[in-house]
Amino acid sequence: MMMFEHILKTLSENGKSGQAYSKVIKHSEKAMKEDSDRAAGYLLLKILADRFIEATGRMATTVTQTENEYKIFSNHVGTLSDAYIAGDPAGISDALNKVSLASLEPFDSSFSTI
Amino acid sequence: MSSDFPSRQVIAETTAKMLLEIDAVHFSADKPFTFTSGIASPVYIDCRKIISYPRIREMITNFSVSVILSEVGLEQFDAIAGGETAGIPFAAWIAAEMGLPMQYVRKKPKGFGRDAQIEGTITDNQRVLLVEDLTTDGGSKINFCKALRKAGAKADHTIVVFYYDIFEQTREKLTADGIKLHSLATWWDVLAVCKAENHFDTHTLGQVEAFLNAPLEWSGKNGGATSISI
């Protein structure tokens with residue numbers, strides 16, 4: 001699951017910032033075409049990255065927000081990656097459904113988390 | 001002409017004081033903020049708060065019009081455009097004050113076509129002033145002006161309430177793209193007011209000043225990015 005790891009690495013190496021999530025979107029779109037068997041998984045990562053950008057705009061985030069969002073995103077990458085590695089169609093479907101539902105969770109924009 | 005307008009110093013200092021008064025300014029040296037560029041920073045500003053304070057937003061509108069008229073001219077614009085989202089209310093107030101039409105520019109195009117990123121009526125060669133709440137590295141101003149130009153407008157000026165004024169690349173890049181930046185206040189103005197009026201403790205202000213003087217170095221030392229790309 002090199003591409004999933006690559007997406008997570010992109011996020012980490014770019015400061016887990018808005019720009020990092022923008023790069024994740026581009027990588028995910030590319031991966032959807034190049035690794036089309038897992039297009040649904042990459043689409044979910046694209047949606048999750050877009051959710052971060054839409055929620056924060058171009059505003060700065062607090063340390064807590066940055067780390068929380070990275071942790072949530074990493075967990076979703078792990079869920080998808082594990083399911084695809086296992087290769088069980090039912091497991092992949094479960095993982096996709098789980099991450100899909102999680103993508104509806106609102107971003108914590110509370111500023112009290114400085 | 002310019003003698004009829006408030007001085008830049010008065011505009012900058014008053015704007016800085018108003019931003020501090022409504023708690024739009026946050027300093028956190030020990031737990032830095034993360035900019036969209038990945039830069040770690042002890043400073044944060046939320047100019048969107050201004051919309052909730054009628055007296056302050058009126059003052060900001062008047063200052064903005066004053067800066068535009070004195071720095072560019074009285075008859076240099078045919079329309080005012082706001083950048084989605086935060087620029088829209090400021091653009092509306094400035095357009096109303098100057099008696100000009102208004103548009104807004106979407107962050108992303110809505111489908112295809114020349115005007116896909118513009119809401120409102122835009123005409124060829126219309127001289128449009130782009131309005132935003134703030135600029136950090138200038139990147140979004142360039143994107144918005146490009147969208148206006150693609151739609152046929154002449155977009156060579158932008159005004160913001162707040163300009164970070166800490167990255168050398170910002171003005172260079174804007175100039176290279178043919179965009180003149182106008183602003184009411186910068187972090188330096190806020191820092192000056194904080195020092196003069198004893199806002200925040202000396203340790204915090206020291207860290208803020210260190211960041212403003214060498215933002216990439218400060219960011220690197222605090223776990224953030226050490227370069228920016230606009």
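Me: Let's begin with strand pairing. Which residue is the bridge partner of B:Gly83 in E6(B)?
Reply: That partner is B:Val105. Keep in mind that this is a predicted model.

Me: How many bridges join E5 to E6 of chain B, and do they run parallel or antiparallel?
Reply: There are 4 bridges, between E5 (residues 79-83) and E6 (residues 102-105) of chain B, and the two strands run parallel.

Me: What sheet do they belong to, and in what order do the strands come?
Reply: An open sheet of 6 strands in chain B, ordered E7-E6-E5-E8-E9-E10, with mixed pairing. At the edges sit E7 (118-119) and E10 of chain B, each pairing on one side only.

Me: Which strands of the sheet does H2(B) touch?
Reply: H2(B) packs on E8, E9 and E10 of chain B, and its direction makes about 140° with that of E10(B). Another helix, H4 of chain B (residues 139-150), lies across E5, E6, E7, E8 and E9 of that chain, at about 160° to E8(B).

Me: Back to E8(B) and E9(B). How many bridges join them?
Reply: 7 bridges, and these strands run parallel. B:Glu132, for instance, stands opposite B:Val160 in E9(B).

Me: Is E9(B) mostly covered or mostly open?
Reply: Mostly covered: 8 of the 10 residues in E9(B) are buried.

Me: Tell me about H2(B) itself. Which of its residues are buried?
Reply: B:Ile56, B:Ile60, B:Thr61, B:Phe63, B:Ser64, B:Ser66 and B:Ile68. Those buried residues pack against helices H1 (8-21) and H3 (87-98), and against strands E8 (127-135), E9 (154-163) and E10 (180-186), in chain B.

Me: What span should H2(B) have, going by its residues?
Reply: H2(B) has 18 residues (54-71), so at 1.5 Å a residue it should span 26 Å; its end C-alpha atoms are 25 Å apart, which agrees. Just after the helix, B:Gly73 takes a positive phi of about 145°.

Me: New topic: which residues have the most contacts inside the largest nonpolar core?
Reply: B:Ile80, B:Ala81, B:Ala91 and B:Leu148, in a core of 73 residues. Leaving out residues up to four places away in sequence, B:Ile80 touches B:Ala91, B:Ile94, B:Ala95, B:Met98, B:Leu100, B:Met102, B:Leu129 and B:Val131.

Me: What about a second core?
Reply: A separate one has 22 residues, including A:Ala20, A:Tyr42, A:Phe52 and A:Tyr84.

Me: And where do the two chains meet? How many residues does each give to the contact?
Reply: Chain A and chain B give 16 residues each. On the chain A side, H2 (18-34) and H4 (63-86) are the elements that give two or more residues, and H2(A) has the largest share with 3 residues. By class, that side has 5 nonpolar, 9 polar and 2 charged residues.

Me: Which residues of H4(A) are buried?
Reply: Among them are A:Gln65, A:Phe73, A:Val77, A:Leu80 and A:Tyr84. With 24 residues at 1.5 Å each, H4(A) should span 34 Å, and its end C-alpha atoms are 34 Å apart, which agrees. A:Gly87 follows the helix, with a positive phi near 80°.

Me: Last one: why does B:Ser28 count as partly exposed?
Reply: Because B:Ser28 has 17 C-beta neighbours inside 10 Å, and the partly exposed class lies between the exposed limit of 12 or fewer and the buried limit of 20 or more. B:Ser28 is in the loop between E1 (25-27) and E2 (33-34) of chain B.

Methods
Residues numbered from 1 in each chain as written. Chains lettered and ligands numbered in written order. Predicted model: local features only at pLDDT ≥ 70, side-chain atom pairs only at ≥ 80, totals over all residues. Core = buried A, V, L, I, M, F, W, Y, C linked by C-beta atoms within 7 Å. Contact = placed C-beta atoms within 7 Å. Nonpolar A, V, L, I, M, F, W, Y, C, P; charged D, E, K, R; others polar. Expected span 1.5 Å × (residues − 1). Pairing = 2+ DSSP bridges. Axes fitted to C-alpha atoms, helices over the stretch in contact; angles between N-to-C directions.
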